[in-house]
Amino acid sequence: MAETAYFPRRLIFAAALISGVLLALALHMTGQRFGLDLAGLWRSDQGEVMPAGAALAWWLIATAGFAGGYFTAKLMHSAVAGVIPPRMRQFLIALGVLVLAAAGQAASAPNAIPTANGVLAGLAALALGAAMAFCGVHFALTKA
């Protein structure tokens, strides 16, 4: 009986981390289009209360980073053994293309957020997505 082959752990870790970060950034760019922006945290005209859109964007970006890293690591770990059916693989590829296309379309539109706040929000989304993707990948690979 043939021994089951797997991708090296470092390759899975790097690919899943990048996938989680890209998914978090795509959700950040798409969310800005619908008014869910992290830049609401740094606006001075809001008063003392944090806007609900900024809190919702924070949680959505964190969830997308964690889930993207976790599920990519799980899928890559089982992909070499041929466990993923071809229809599921095609569905995931189509879903990824659609998410990245929506993020590209949202990023090409004019931005209503001031430049400094937009840069801070982008860096915060990048850091949050990277931290949560790292946690998701680490959690997925320790259980595997």
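Helices here are DSSP runs of H or I with at least four residues, strands are E runs of at least two, and both are numbered from the N terminus. The model is a predicted one, so local features need pLDDT of at least 70 and side-chain atom pairs count only at pLDDT 80 or more, while totals for chains, interfaces and linings use all residues. Residues are numbered from 1 along each chain as its sequence is written, and side-chain values use heavy atoms, with hydrogens and water left out.

Of the 144 residues, 28% count as buried (under 20% relative accessible area, with exposed being over 50% and partly exposed in between, using a 1.4 Å probe and protein chains only). As for contacts (heavy atoms within 4.5 Å), take those with a separation of 6 or more: 84% of them join residues 24 or more positions apart.

Now to the helix pairs. Two packed helices are described by the angle between their axes and the distance between the axes. Helix α1, residues 9–33, packs on α2 at an angle of about 150°, the axes being 7 Å apart. That makes α1 roughly antiparallel to α2 (over 145 degrees; under 35 is roughly parallel, 65 to 115 roughly perpendicular, and the rest oblique). Axes are lines fitted to C-alpha atoms, for helices over the stretch in contact, and angles run from 0 to 180 degrees between N-to-C directions. The crossing of α1 and α2 is right-handed, that is, the near helix is turned clockwise from the far one by less than a right angle, with anticlockwise being left-handed. On the α1 side the contact includes L11, I12, A15, A16, S19 and G20, and on the α2 side it includes L60, I61, A64, G65, G68 and G69. By class, the residues of this contact split into 12 nonpolar, eight polar and no charged (Ala, Val, Leu, Ile, Met, Phe, Trp, Tyr, Cys and Pro are nonpolar, Asp, Glu, Lys and Arg are charged, and the others, Gly among them, are polar).

T72 sits in α2 and counts as buried, at 18% relative accessibility. Beyond its neighbours within four places in sequence, T72 touches A15, A16, S19 and A67.

Helix α1 also packs against α4, at about 140° and with the axes 8 Å apart; this crossing is right-handed too. Among the α1 residues involved are R9, F13, L17 and V21, and α4 brings in residues including A121, L126, F134 and L141. The tally for α1 with α4 is 15 nonpolar, six polar and one charged.

H28, in α1, is buried at 6% relative accessible area. Leaving out neighbours within four places in sequence, H28 is in contact with L38, I61, A121, G122 and A125.

A24 touches I61, A64, G65 and G129, not counting residues up to four places away in sequence.
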